[in-house]
Amino acid sequence: MKYVLICEDKKDSLEVRLSNRDKHLAFIGELGDRVSLAGPMLSDDGESMVGSVLIIEAESASEIQAIADGDPYALAGLFDTVTIRPFRQVIPGA
């Protein structure tokens, strides 16, 4: 099953995000083709990164939670909230 992982950054934490970005990208890259989509959420003006959205294939929400917990961003204390929801892709057809 696919899951959407929505991680919202703590306020004024851009430096934490930037200083851990390379480690985060390498970590997510290790998931390979299990990741359908990944990228930063942006501020209303479209300029600043304020969180992350990922869609990941996994056996369970607890597996996604383990991925979220091991993310270098999470380990650095970047996230204010983390939301995990099952996701059904309709378009394009899966």
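Predicted model: local features only at pLDDT ≥ 70, side-chain atom pairs only at ≥ 80, totals over all residues.
1. Start with Asp9. Asp9 sits in strand β1, which spans residues 2-9. Is Asp9 buried or exposed? The relative accessible area of Asp9 is 13%. Buried means under 20%, so Asp9 counts as buried.

2. Next, the surroundings of Asp9. Set aside its neighbours within four places in sequence. Asp9 then contacts Arg17, Met49, Val50, Gly51, Leu78, Phe79 and Asp80. Asp9 and Gly77 are 68 residues apart in sequence. In space, their C-alpha atoms are 8.9 Å apart.

3. Now the partner of Asp9 in a charged pair. Which residue forms a salt bridge with Asp9? Arg17 does, with 2.8 Å between the closest N and O atoms. The two side chains are also joined by a polar contact of 2.8 Å. Both Arg17 and Asp9 are buried. As background, side chains of opposite charge can pair when their charged atoms come close.

4. How many salt bridges are there? The count comes to two. Arg17 with Asp9 is one of them. Arg34 with Glu63 also forms a salt bridge, at 2.5 Å from N to O. This pair links distant parts of the chain, 29 residues apart. Arg34 is in the loop between α1 and β2 (35-42). Glu63 belongs to helix α2, residues 61-70.

5. Check the exposure of Arg34 and Glu63. Arg34 has 26% relative accessibility, so Arg34 is partly exposed. Glu63 has a relative accessible area of 25%, and is therefore partly exposed as well.

6. Turn to His24. Where does His24 lie? His24 is in helix α1, residues 14-29. His24 counts as buried because its relative accessibility is 8%, and the cut-off for buried is under 20%.

7. Last, the contacts of His24. Which side chain makes a polar contact with the side chain of His24? That of Asp71, at 2.9 Å. Leave out the neighbours within four places in sequence again. His24 is then in contact with Asp71, Pro72 and Tyr73.

8. To recap. Asp9 in strand β1 pairs with Arg17 through a salt bridge. Arg34 and Glu63 form a salt bridge too. His24 in helix α1 makes its side-chain polar contact with Asp71.

Terms used:
Residues numbered from 1 in each chain as written. Heavy atoms only, no water. Helix = DSSP H or I, 4+ residues; strand = E, 2+ residues; numbered from the N terminus. Buried < 20%, exposed > 50% of the residue type's maximum accessible area, 1.4 Å probe, protein only. Contact = heavy atoms within 4.5 Å. Polar contact = N/O pair within 3.5 Å; in protein donor to acceptor, adjacent residues only side chain to side chain. Salt bridge = Lys/Arg side-chain N within 4 Å of Asp/Glu carboxyl O.
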